[in-house]
Protein chains: 2
Amino acid sequence: MISEDIIKEISIKTDSKILLLVIDGVGGLPLDGKTELERAEIPNLDNLVSRSICGLTDPVGYGITPGSGPSHLALFGYDPLKYIIGRGVLEALGIGVELTPKDMAARGNFATMDSRGIIVDRRAGRIPTEKNREICALLGKEIEKIKGVKVFIRPGKEHRFVAIFRGDGLNGPLSDADPQKNGEKARPARALSSRAKKAEEVVNSFIKKASEVLKSQHPANTVLLRGISKVPRIPPMGELFNLSPAAIATYPMYRGLARLVGMEVLQTGDGIQDELRTLRENFAKFDFFYLHIKQTDSSGEDGDYEKKVKIIEEVDRYIPEILDLKFDVIVVTSDHSTPALLKSHSWHPNPFMLWSRFIRVDGVNRFTERDCSKGSLGRFAAVNAMALMLANGLKLRKFGA
Amino acid sequence: MISEDIIKEISIKTDSKILLLVIDGVGGLPLDGKTELERAEIPNLDNLVSRSICGLTDPVGYGITPGSGPSHLALFGYDPLKYIIGRGVLEALGIGVELTPKDMAARGNFATMDSRGIIVDRRAGRIPTEKNREICALLGKEIEKIKGVKVFIRPGKEHRFVAIFRGDGLNGPLSDADPQKNGEKARPARALSSRAKKAEEVVNSFIKKASEVLKSQHPANTVLLRGISKVPRIPPMGELFNLSPAAIATYPMYRGLARLVGMEVLQTGDGIQDELRTLRENFAKFDFFYLHIKQTDSSGEDGDYEKKVKIIEEVDRYIPEILDLKFDVIVVTSDHSTPALLKSHSWHPNPFMLWSRFIRVDGVNRFTERDCSKGSLGRFAAVNAMALMLANGLKLRKFGA
């Protein structure tokens, strides 16, 4: 991959418009000999692919199954091994919290501690979500600030919550404040570098105060914090690639990831048709659109092969509407594979197609994993996709004399 | 790519002979469905390719359009992101100046400055080339040395010239001595590191003296200098690859690039037949030949699809003559693509074929971009071509125990 410095130096502003359509987890594995994409009837994508160039992308590396953070960063043109998004940050993005550079976020569990300080149940008997909300509200009221640092508590499902600490001088890395298994003593967070001392004090003081506030809330009488992390400093796409980028996504996590790289996150509805409307209405205002389709991934995670096929077919029906907008560059791909067979993200590379006026069409005529593997782009690291999109939009000057 | 240290350690001298035939900018884009290569009738290249292995190369990276410097360095086996050739150096090579390691070179403009020191015309009304030569001669006569540093001025076209500063202790990086637009104050070069202080003094003192000498030459009454740069220190091919390399090229820039990596640059004429004669006459004396065909690139830059096709066909007619020489390894490829459609270098990968006695012929039987994309070499970084050529010439020992 080309360094950010070089890309920044050679990228220029032009009128051309780029669409990055991410069909989340679209890559799959065969069931009765055919992957979800191979089973689906997708005449519009097949037609587009026959006028495109194709390949297979690896988000992080051969054999590596990526989380949504690294796999999206790679597609957005950022080295996923350089910018690490902590679990706390991702969890906060996932429930729609807007994080600032001053924020430190942690995944929290309500838990049960006995009188000797032993954690006897790391999940507090999986308290009902309703109870969770109640306790979070209580905590939020009782603990607003610690040593000048603001504290926000946001409920998740059952025993899960997110804690956000907002203030100056909070730095990681910190170890988890979690014994990881039942029957061990509660464990404070530990600063893993001298820069993290203040964060250590704030986090541990929060845990102590929370345990006092929750004393009478047994089984949820203490908290565990994991993945305590800050938002990484990521140069925005506008600065690095000279783009005015916009994101259209229905799920908070993807909206949050887009915000992290400086995209404008557009208001939209819950369905694909809502996303399409948002795209049409904002077409004139931006030169790069990230359009995210979630349900392919969800049905893959559910192991629902048939549903994933149906959603792929639904996406296909919207392709003509997308083409009508007259983008200069269109990429259709995925962030990672989510085979229904595995019910999870996987390490399999992603089908990738790029259409523009400046390509040598490579003869692939079906948008499937196996067909794309025969395309002229070959197998490549997903992080290169951004330079390809920019080049095809004539947005990169010559490198070197 | 394999590090230079490793290649140096395992490369050995053998009698085998390698030809690297660079058909500059040969890769194109379709016009009425066919690229320049696909349109051309090239029975000899097609025959050779059917006995070769093929692939597509990226000079610098996916989506990156390279200048001639980085794209050639990659083909010569040097990391194009490690060895940066400045604009001044390339310009000097382009007009045939032989640079030494003590030289700093700059692209110059004659310009018009008003009495308040404002640059009112960065191109001095595009003075005639004849006038340019006259002023360069005058400058050369009046300014021979500055602080012990020799100064050479070489005219280009219209308002353009090249300045060379030759002496000890000249180091970059320096900022441009150019306000970049009309109506702004003349701007001295600035040392961008403490090592560049002496160069800063010399360059700015030259600009001052030149303005005095040119006082009465309105509109060419001052000079602007850009891309002030030194020749990068590049280990010669003889040392790194144990080769005795020779270059046959008609254009000064490519002759200069070859000299930078330690090739012997052979005298030759203007046409392809002259280059072939030079190749034949020197065949016994070297074990590596870089043979450069320029006109494919020029016609691509001119947007002249038909002419580019004709030149490809002309090159094809010389292939039997080349085969008669009985090279052990033959590579036919390009440094970068120059599609007539874009009238410029482009980011598209290069068709690449390699013939030797030690290959697994891969079934490609036309030398085109699309056919090569199906070859067994796949899509790869051009910098790897050198190790492939050496290996096929049995010039690389085993790596590791």
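Let us begin with the sheet in chain B. In this predicted model, eight strands of chain B form an open sheet with mixed pairing. Read across the sheet, the order is β11-β10-β12-β1-β13-β14-β2-β15. At the edges lie β11 (264-265) and β15 (378-381) of chain B, each of which pairs on one side only.

Which sense do strand β1 and strand β12 of chain B adopt? Strand β1 (residues 18-23) and strand β12 (residues 288-293) of chain B pair in the parallel sense, over six bridges. To take one position, B:L19 has B:F289, in β12(B), as its bridge partner.

B:L19 is one of the residues in contact with B:V331, once the neighbours of B:V331 within four places in sequence are left aside.

B:V331 itself belongs to the largest nonpolar core, which has 242 residues. The residues with the most contacts inside this core are A:V203, A:V331 and A:M353, together with B:V203, B:V331 and B:M353. Which element gives the most to this core? That is helix α15 (residues 385-392) of chain A, with seven residues.

Please keep helix α15 of chain A in mind as we turn to the contact between the chains. Here 19 residues of chain A are in contact with 29 residues of chain B. On the side of chain A, the elements that give two or more residues are β15 (378-381) and α15. The largest share, four residues, comes from α15(A). By class, this side of chain A divides into eleven nonpolar, five polar and three charged residues.

Finally, I turn to the domains of chain A. How does the domain assignment divide this chain? It gives domain 1 (4-85 + 233-392) and domain 2 (89-230). The centres of these two domains of chain A, taken over C-alpha atoms, are separated by 35 Å. Seven residues of domain 1 of chain A are in contact with seven residues of domain 2 of chain A. On the domain 1 side, helix α9 (residues 252-260) of chain A gives the most, with five residues. That side consists of four nonpolar, two polar and one charged residues.

Thank you for your attention.

Key:
Residues numbered from 1 in each chain as written. Chains lettered and ligands numbered in written order. Predicted model: local features only at pLDDT ≥ 70, side-chain atom pairs only at ≥ 80, totals over all residues. Core = buried A, V, L, I, M, F, W, Y, C linked by C-beta atoms within 7 Å. Buried ≥ 20, exposed ≤ 12 C-beta atoms within 10 Å, placed from the backbone. Contact = placed C-beta atoms within 7 Å. Domains from an automatic or database assignment. Nonpolar A, V, L, I, M, F, W, Y, C, P; charged D, E, K, R; others polar. Pairing = 2+ DSSP bridges.
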